[in-house]
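Dear colleague,

Please read them with the model open beside you.

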Amino acid sequence: MKIKFLLLGTSLSLIPTLSLAQCVETTNCETLGYTETSCNGGKGVKCPFGNKWACLGANEEECKQKFCDEYGFTLTCTGTGYAGGSGQACGGKYAQCTYASGYKWKDGACQQKAPDYSECKIGTLFYSDGTCSSDKLSGKEPLGVVVYEKTASESGWVMTVNPVAKGIAWGVLGTTTGVTDKAASASCPNTAKLVALGNRYEAAMTANNYSAGGKKWCLPSYNVLNNINNQTNFTKVNAGILTAEGTRLGNTSDGYEYIWLSSETSNDRASVFHAYSGNGFGMNGLNKDASIGGVFIRPVFAF
């Protein structure tokens with residue numbers, strides 16, 4: 001459109017670095033699109049070096065929008081993750097947007113930033129906003145304590161600082177479920193398989209039904225709690241639990257604590273993490289139908 005530069009006369013505040021000299025290639029008004037002697041209602045622009053006019057008429061808004069588009073004012077800056085437009089608008093659109101906390105511009109769209117879990121170390125408290133701290137933060141309730149750190153290839157895992165149930169059997173004696181995967185990543189798949197077998201697998205049902213922070217909670221796999229089967233990590237986890245004012249592992253009225261895991265070891269026994277009141281710990285097997293006082297459920301979720 002030959003007259004597009006004419007709009008610069010009314011839009012220099014938007015593009016302060018442009019000038020008419022940059023756009024003008026000739027001093028002939030007619031050649032540049034100034035062909036009218038006058039414009040109805042004054043909807044036009046007068047040739048800067050002649051008496052002819054360029055009349056916009058019904059195409060005025062279309063012309064303006066083409067001008068805005070050409071100079072990069074194409075973003076509405078609305079929708080999830082946008083905080084608004086940055087700088088001056090042109091035709092109701094912006095050249096840049098500002099973004100809400102936790103969002104960034106990537107691949108031509110506003111996308112949520114990947115959470116930063118660099119502070120989520122063994123024994124730290126995990127909060128609902130995805131942050132971790134070794135301190136109990138005022139006004140924030142921790143979802144649990146980190147028992148397995150996240151790596152580039154594996155999820156991290158968080159366990160409740162208090163048992164959510166006590167004296168619940170894992171399943172029934174003499175029945176093989178085939179749920180034997182010990183990998184950390186197996187916590188939730190194992191739990192789902194047991195839940196699908198019905199109410200006889202109450203430990204898995206209890207963990208699956210636990211609700212907090214919008215997370216998917218599961219019975220921990222063998223490897224998740226085997227990660228704290230050493231004095232260093234065991235001590236860190238208990239320190240975190242105490243910071244959160246939770247129930248220290250093994251520090252129960254029974255003097256010990258069996259935590260049900262999500263895999264079986266035989267048709268009669270399932271895995272447990274065994275903590276003792278005097279800082280002892282270990283991995284064991286326990287009869288599936290055991291519902292003694294010292295058997296607890298401490299669900300976990302992945303991050």
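Is the link of Cys-188 and Cys-218 right-handed or left-handed about the S-S bond? With 90 degrees about that bond, the link is right-handed. Before going further, please note that this is a predicted model, in which local features need pLDDT of at least 70 and side-chain atom pairs count only at pLDDT 80 or more, while totals for chains, interfaces and linings use all residues. Residues are numbered from 1 along each chain as its sequence is written, and side-chain values use heavy atoms, with hydrogens and water left out.

Disulfides

The structure holds three disulfides (a disulfide being a pair of cysteine sulfur atoms within 2.5 Å). In the one that joins Cys-188 to Cys-218, the S to S distance is 1.9 Å. This pair links distant parts of the chain, with Cys-188 in helix α5 and Cys-218 in the loop between α6 and α7, 30 residues apart (helices are DSSP runs of H or I with at least four residues, strands are runs of E with at least two, and both are numbered from the N terminus). Both cysteines are buried (buried means under 20% relative accessible area, exposed over 50%, and partly exposed in between, with a 1.4 Å probe and protein chains only).

Cys-77 and Cys-97 form a disulfide with their sulfur atoms 1.9 Å apart, and with -80 degrees about the S-S bond this link is left-handed. Because Cys-77 lies in the loop between α4 and β3 and Cys-97 in strand β4, the pair ties together parts that are 20 residues apart in sequence. Cys-77 counts as buried at 6% relative accessibility, and its phi is near 60 degrees, a positive value in a residue other than glycine.

A disulfide also joins Cys-120 to Cys-132, at 2.0 Å from S to S, and its 90 degrees about the S-S bond make it right-handed.

Sheet and helix

An open sheet of five strands runs in the order β11-β15-β12-β13-β14, with mixed pairing (two strands pair if DSSP finds at least two bridges between them). Since β11 and β14 stand at the edges, each with a single partner strand, one side of each is left without a neighbour in the sheet. Within the sheet, β12 and β15 pair in the parallel sense over two bridges, and Tyr-258 has Val-295 in β15 as its bridge partner.

In helix α6, the buried residues are Ala-203, Ala-204, Met-205, Thr-206 and Ala-207, and what covers them includes β11, α5, β12 and β15.

Technical notes
Contact means heavy atoms within 4.5 Å.
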